[in-house]
Structure formats: structure tokens, C-alpha cells
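Let's go through this one by asking where each label comes from. Have the model open while you read.

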Amino acid sequence: MNSTDRGQPEWSLQAGDNANVIVLSGDWIAQQGHVPAFPSDGLHQVRPNQPLTFSTDGLGRWDTGLIGFLWALKQGAAQAHLDMRAETLPDAARKLLDLLPDRPAPAPPLPRRHFAPLAAIGTVTIDSLTEIGTVTELGIETARGGVASVTGRGRMRLTDLMSNIRNAGPSALLIVSVVNFLVGAILAFVGAVQLRKFAADIYVASLVGIAMVREMSAVMTAIIMAGRTGGAYAARIATMQGNEEIDALTVFGIPVSSYIILPSILSLTATMPFLYLYGCLVGMLGGFTVAIGMLSVTGAGYFHQTLNAVALNQFVFGFIKSIFFAILIGLTSCRIGLQAGRSAADVGVAATRAVVVGIVGVIALDAIFAIIATTIGI
């Protein structure tokens, strides 16, 4: 490639001895933005039945801008049934040009879409059942790994479990405190506006206590953990998938369910119930703050009314719900992480999917628990 400056890129078509000559001159650098495009009628003045050759005496520096021009010229020569001889081109340009076809590949036909609602419903149903079966199988393998770890035959490291517990428990106390305190305060504020009309200020304590213990604390804590911890699990496993660490564990015969998934699920299962109880306490404190500030309620009266309104079975019900929420978030997040691709963008997609699926799954599972509670009379 010539390194001297030859000026603006130019080309022309000239008649030579028994040939059509394309004269190239100047610097053909694409980044300079001056590379001419080969027009569709650039060969209308050629002499038929004579080859197409090149004169590159005035050619200076070049890059892909020249190759693009030559490819367009090559396609035009093929349409005009001209023999293009590139012997006089630079060796690198000639080799690159030989790799390009005479005609661009035809665009693939657009797939025809048929209106088949039953087939679409069947596909979605089969895919959903397959995914449910896969997640269930993953949960069974994880449960077996947990039993093996308890009996001393598992491969789960205690350091991994303690690290996950620290990240899922103490590290989440601040956000759990803020959210549940505000939820309890909002419930007390809304209840106070209405109950004050009937001189029933004291029942704000019942409203906040029952709402937090039965529903709000468990659901809000689960949503927080789905967005905070579930997304982190999916991103971490997706990153390991992209770095081929999962493949390395498989090659060495280390079960992924025991080494990665089991500590994640156990840490959530161990910490979520206690976070739920802590959320109940903080939510009641938020309601207590609003009631004391807005209503004519004493602290002792608020405490006594809360004890009378909230039964022990409500705590048991919320405690059990929080365990199932933790298992759901852990399994779905790890499954989505294992399904992720191997690019950096797939890590973000996996984290987003884990958060969305976790939140929707928590709400759907809470609706099922509500139906069960109504049926058994809790």
C-alpha cells in the first residue's frame, strides 16, 4: 500500500488497446468521507466483448473504501457480462476482491404467518409445562443435595452458604426496614382518614397489625428479595455461564445444583422468614408512629389493641408463605441464570427476567395462599 498522499480519490473509464480501462487515482480512505460510489450506469459506455482492466499508477493509500467501490464495479461487470481482470490491482486488494461474490446474496423470503390460535396456545402450554417440570426437577436435585449436606455427604461448602446468608439477610435489613416502615405508615394514614369519621381511632392498630402480618410484610419482603437477591443470583450464574465456569464444573463432575444453587436457595429460605418477622415489627412501628402523631391513641392502647387483633396463626401463616416465596425466588432466579446466553448483554437480560418472574410469581403465589386461607378459614 502506498503511504504517500495522492489527493482526492477519482476514477474514470477509458478505452485502451483491446480493453476497457478503469483508471484509479488518489487516496481511497473511507474515514475521510470522499470515496466515490460506483454508479449503476457506470459501465454504459464500455465496449462490449472486451475485458475490463485497471490502471493503478496514480493510486495512493486505500482501505475498505476501495474494496467497496471495486465490489460494486465487479457486480456491474457481471451484469454486463464483462470479463474483469484484476491483475494490475494491489495484491491485497485483489485477494479481498476474490473473496466477494459477483452478486449479493438474495434476501431470504419473509416467513409466512398463518393464523393458528390453537397451535399457539398448545405451544405456550407445552413450553410452560416443560419449564415447570425443569424447575421442579431442579428443586428435587437441590433438595437431595441439601439432605446429602446434612448427612455429611454433600459438596456444598459452608463458606458459600454463610456468604449467601450474609448477603441475603443482614445486608438486606436496611431496605426491608425502610419499605415495611413506609408501608405500615401508609396503611395507618389511610385507615386513620376513614376510621376517624366513626371515632374508631384505636382500630388503626388492628388494621396495620393484621395487614402487615397476614399479607403486606411477607409480600413486600419477597418483592424486595426478588429484585435485590434474585436478580443478583441470575446475574452471577449468567456471568459464570458466559465465562464457561459452569462448563468447567460439569467437566470436573461437580454438581451445579449442590455447588451453586443449593447455597443460594438455602440462604433465602433461612433468612426470608426472619426478614418477614422483622418486617412485621417495623411495619407496626410505622403504623404506631402515624397513629401517635395523628390520632388520639396512647402507646399502651395501640400495643394492647395490636395484641388482641393479631392471632398467632396469622404469624404462622405468613411465616409459611415467606418460606415458599424464598424457594420460588431462589429456584426461578437460578434457573433463569442457567438458561442465559454467553454474552455480556445476556447477563442483563437474565437479571431483568429474574426480577420480573420473581415479582409476578410472588404475587401469583400469594393469591393462591389467599384462596387456601379462605378455604380453611384462617
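Q: Which residues make helix α4 and helix α6 count as being in contact?
A: This is a predicted model, by the way. On the α4 side you have Asn164, Asn167 and Ala168, and they meet Met225, Arg228, Thr229, Tyr233 and Arg236 in α6. Contact here means heavy atoms within 4.5 Å. Sorted by class, that contact has three nonpolar, three polar and two charged residues.

Q: What is the packing geometry of α4 and α6?
A: Helix α4 covers residues 158-168 and helix α6 covers residues 204-242. They pack at an angle of about 145 degrees, and their axes are 11 Å apart.

Q: Why are α3 and α8 called roughly perpendicular?
A: Look at the angle: α3 (residues 117-150) and α8 (residues 256-294) pack at about 90 degrees, with axes 9 Å apart. The label covers 65 to 115 degrees, so α3 and α8 are roughly perpendicular to each other.

Q: What makes up the contact between α3 and α8?
A: From α3 come Leu138, Glu141, Thr142, Gly145, Gly146 and Ser149, and from α8 come Ser257, Ser258, Ile261, Leu262 and Ile265. By class that gives four nonpolar, six polar and one charged residues.

Q: Why is the pair of tryptophan 11 and phenylalanine 38 called tilted?
A: The ring centres are 5.4 Å apart, and rings pair if their centres lie within 6.5 Å. The planes make 45 degrees; under 30 would be stacked and over 60 edge-to-face, so the rest count as tilted. By this rule there are eight aromatic pairs.

Q: What does the pair of tryptophan 11 and phenylalanine 38 tie together?
A: Tryptophan 11 sits in strand β1 (residues 10-16), while phenylalanine 38 is in the loop between β2 (19-28) and β3 (52-62), so the pair ties together parts that are 27 residues apart in sequence.

Note on methods: Residues numbered from 1 in each chain as written. Predicted model: local features only at pLDDT ≥ 70, side-chain atom pairs only at ≥ 80, totals over all residues. Heavy atoms only, no water. Axes fitted to C-alpha atoms, helices over the stretch in contact; angles between N-to-C directions. Helix = DSSP H or I, 4+ residues; strand = E, 2+ residues; numbered from the N terminus. Parallel < 35°, antiparallel > 145°, perpendicular 65-115°, else oblique. Nonpolar A, V, L, I, M, F, W, Y, C, P; charged D, E, K, R; others polar. Phe/Tyr/Trp six-rings, centres within 6.5 Å; stacked < 30°, edge-to-face > 60°.
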